[in-house]
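Please examine the sequence and the three-dimensional structure shown here.

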Amino acid sequence: MQQTNDKKTNKNSQSMNESIALLISLSSASQPLKNVMSMMMDNSTKKVLRLRDTAKAESKFRALSHNIEKEGKVLESRGAYADALSVKNLNGIGIYNAYGTEVAVALCPTLAMVNHSCYPNTQQITDNGTCRLRALRDIDIGEELSYSYVSLEGSDVDRKTAITDNWRFVCKCHRCVGGECSEFDARHTCYCGAVCYEVDQTSGECVCNHGRVVVKKPKLS
């Protein structure tokens, strides 16, 4: 029982540290929350359970930043940073290193407007600290851009459940309605479930992270 409690405490402490690190990063720029707050906020019932944690993170952040006005900076109004953490829950993009370990979370207001598809026409990647989309094929004028919010690894049921639970919509893309995806997967789906411009299906291992940092969504649990 003690070991379980210790693990829970360590997890909560890690989450708090990550939240404070994000708030410090947001506060370092001019009008840091202006674009972030235009992104979709988490207004689900789960948000109620997170309010206490986000408010606690903001309170601790403000305590750590008590000298910020002496440096000529002004903090956002009370509650703004807690709301920013809420935005992160729906729009945060996990950034992974060459070993598949998440090393950061990116908030990109423009990419946040791009919708999900399990049969996407773009790959989401990061390069030198910026996020961008790379076309997987020729895209027609006026065609909607899309990328996959989740790993394509696992069953259709698990993938659909993860999408519904996290983003509260039912995916009805080509893959989810039973369309043929074998050619797409052979060219663009890595063994780890990430969508890449090109993958090596002969190696038998994940190669999508080799040589650069890429952006992937977490694997389904």
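**A guided reading of the model**

A polar atom in the side chain of Ser 151 lies 3.1 Å from the backbone nitrogen of Glu 153; a polar contact of this kind is a pair of N or O atoms within 3.5 Å, where, within protein, one must be able to donate a hydrogen and the other to accept it, and residues adjacent in sequence count only if both atoms are side-chain atoms. The model is a predicted one, in which local features need pLDDT of at least 70 and side-chain atom pairs count only at pLDDT 80 or more, while totals for chains, interfaces and linings use all residues. Residues are numbered from 1 along each chain as its sequence is written, and side-chain values use heavy atoms, with hydrogens and water left out.

The side chain of Ser 151 also reaches the backbone oxygen of Cys 192, at 3.3 Å. Ser 151 belongs to the loop between strand 6 and helix 4; helices (H or I, at least four residues) and strands (E, at least two) are DSSP runs, numbered from the N terminus. With a relative accessible area of 3%, Ser 151 is buried. Buried means under 20% relative accessible area, exposed over 50%, and partly exposed in between, using a 1.4 Å probe and protein chains only. Ser 151 and Ala 162 are 11 residues apart along the chain, and their C-alpha atoms are separated by 9.9 Å.

Ser 146 is buried, at 9% relative accessibility. When residues up to four places away in sequence are not counted, Ser 146 touches Val 114, Asn 115, His 116, Ser 117, Pro 120, Asn 121 and Thr 122; contact here means heavy atoms within 4.5 Å.

The next topic is charge. Side chains of opposite charge can pair when their charged atoms come close. How many salt bridges does a search of the whole structure find? The search finds 3, a salt bridge being a side-chain nitrogen of Lys or Arg within 4 Å of a carboxyl oxygen of Asp or Glu.

One of them joins Arg 159 to Asp 156, with the closest N and O atoms 2.9 Å apart. These two residues are 3 residues apart in helix 4, so about one helical turn separates them. Arg 159 is buried at 1% relative accessibility, whereas Asp 156 is partly exposed at 39%. Helix 4 (residues 156-167) also holds Lys 160, which is partly exposed with a relative accessible area of 32%.

Another salt bridge links Asp 185 and Arg 175, whose closest N and O atoms are 2.7 Å apart. This pair connects distant parts of the chain: Asp 185 is in helix 5 (residues 182-188), and Arg 175, 10 residues away, is in the loop between helix 4 and helix 5. Asp 185 is partly exposed at 21%, while Arg 175 is buried at 12%.

In a further salt bridge, the side chains of Glu 143 and Arg 137 meet at 2.6 Å, N to O. Glu 143 is partly exposed, at 28% relative accessibility, and Arg 137 is partly exposed, at 41%.

The cysteines come last. A disulfide is a covalent bond between the sulfur atoms of two cysteines. The search of the whole structure finds 0 disulfides, the criterion being a pair of cysteine sulfur atoms within 2.5 Å.
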